Amino acid sequence: MPLTMKDRIWARIDGLGPGKAFVAKDFLDIASRGSIDVALAGLTSAGMIRRIQRGLYHLPRVNPDLGGELSPDIDEAAQTIARRNRWTIVPDGPWAANLVGLSTQVPAKIVYLSDGPSKKILIGRRWVQFKHARPQSLASGDRKSALVVQALRHLGKDGVDDRALSALRSLLSDPERRQLLKNTRLGVDWIYGVAKKLAEVHR
């Protein structure tokens, strides 16, 4: 039997894997917006997906030890919001440091630099601030490089120790280290120096 429209939408969601966020626009090649909204509402009512906020959903992750559902992945949801609104965003400050493994603390205030308007959006139980920033703050090339640069800015020159370098080596593949070196060449000298150290280790 051919798959129904709802089945096709669910198959795509299921293929994304737990924790992934999505919006109705992600299924416009399958059906009309109205039909998609009805299908997503049905999947939500059935407990198969969760609604994070109006128009934003995710496939929940489950805690393997406790069996309960985990809160939405904030970075995944923020990136999906940015994609929906056609914004470029970069995690800022302590949140960037947390995402790259340079800090284990989740900051009380989660901030993303953005080329969109400044606004606060509720994701799960956390308010996330999207802060309009100058283009230079977002111009570190690819997202991974921009993320690392913001994390390094938060640490400061004197905060980049052997543990931080080790964490970044674990995060970045060889091509990503080379890309970071290229993207920081015309930036802050000490950040370029860190990128050189990371690139040289794996030559």
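Which strands does helix 5 lie across, and at what angle does helix 5 run to strand 4? I looked this up before anything else. Helix 5 lies across strand 4 and strand 5, and runs at about 40° to strand 4.

**Ground rules.** I am working from a predicted model, in which local features need pLDDT of at least 70 and side-chain atom pairs count only at pLDDT 80 or more, while totals for chains, interfaces and linings use all residues. Residues are numbered from 1 along each chain as its sequence is written, and side-chain values use heavy atoms, with hydrogens and water left out. I took helices (H or I, at least four residues) and strands (E, at least two) as DSSP runs numbered from the N terminus. Contact means heavy atoms within 4.5 Å. Axes are lines fitted to C-alpha atoms, for helices over the stretch in contact, and angles run from 0 to 180 degrees between N-to-C directions. Strands pair if DSSP finds at least two bridges between them.

I read the strand order as 4-5-7-6, in an open sheet with mixed pairing. Strand 4 (89–91) and strand 6 (119–123) are the edge strands, each pairing on one side only. From one strand to the next the twist averages 30°. Strand 5 (residues 110–114) pairs with strand 7 (residues 126–132) in the parallel sense over five bridges. I noted serine 114 opposite histidine 132 in strand 7. Strand 6 and strand 7 run antiparallel and are joined by five bridges; here leucine 122 stands opposite tryptophan 127 in strand 7. These two strands form a hairpin with two residues between them, and glycine 124 in the turn has a positive phi of about 65°.

**Helix 5 and helix 6.** I checked how helix 5 (residues 143–155) packs on helix 6 (residues 162–171): the angle is about 170° and the axes are 12 Å apart. That makes helix 5 roughly antiparallel to helix 6 (the term covers angles over 145 degrees). Helix 5 makes the contact with Lys144, Val148, Leu152 and Leu155, and helix 6 with Ala164, Leu168 and Leu171. By class I have six nonpolar, no polar and one charged residues in this contact. Ala, Val, Leu, Ile, Met, Phe, Trp, Tyr, Cys and Pro count as nonpolar, Asp, Glu, Lys and Arg as charged, and the others, Gly among them, as polar.

I found an open, antiparallel sheet of three strands in the order 1-3-2. Strand 1 (21–23) and strand 2 (50–53) stand at the edges with a single partner strand each, so one side of each is left without a neighbour in the sheet. Neighbouring strands are turned by 40° against each other on average, direction ignored. Strand 2 pairs with strand 3 (residues 56–58) over three bridges. In strand 3, leucine 56 is the bridge partner of glutamine 53, and tyrosine 57 that of arginine 51. The hairpin of strand 2 and strand 3 has two residues between the strands, and glycine 55 takes a positive phi near 80°. Helix 3 lies across strand 1, strand 2 and strand 3, at about 25° to strand 1.

**Second largest pocket.** I then asked which elements give two or more residues to the lining of the second largest pocket. The lining includes Arg61, Asp73, Trp95 and Gly124. Helix 3 (74–85) and helix 4 (93–99) are the elements that give two or more residues. A pocket is an open set of points on a 1 Å grid over the protein atoms alone, where a 1.4 Å probe fits, with protein on both sides within 12 Å along at least five of seven lines; lining residues have an atom within 4 Å of a point. By class, I have five nonpolar, two polar and five charged residues in this lining.

Terms used. Parallel < 35°, antiparallel > 145°, perpendicular 65-115°, else oblique.
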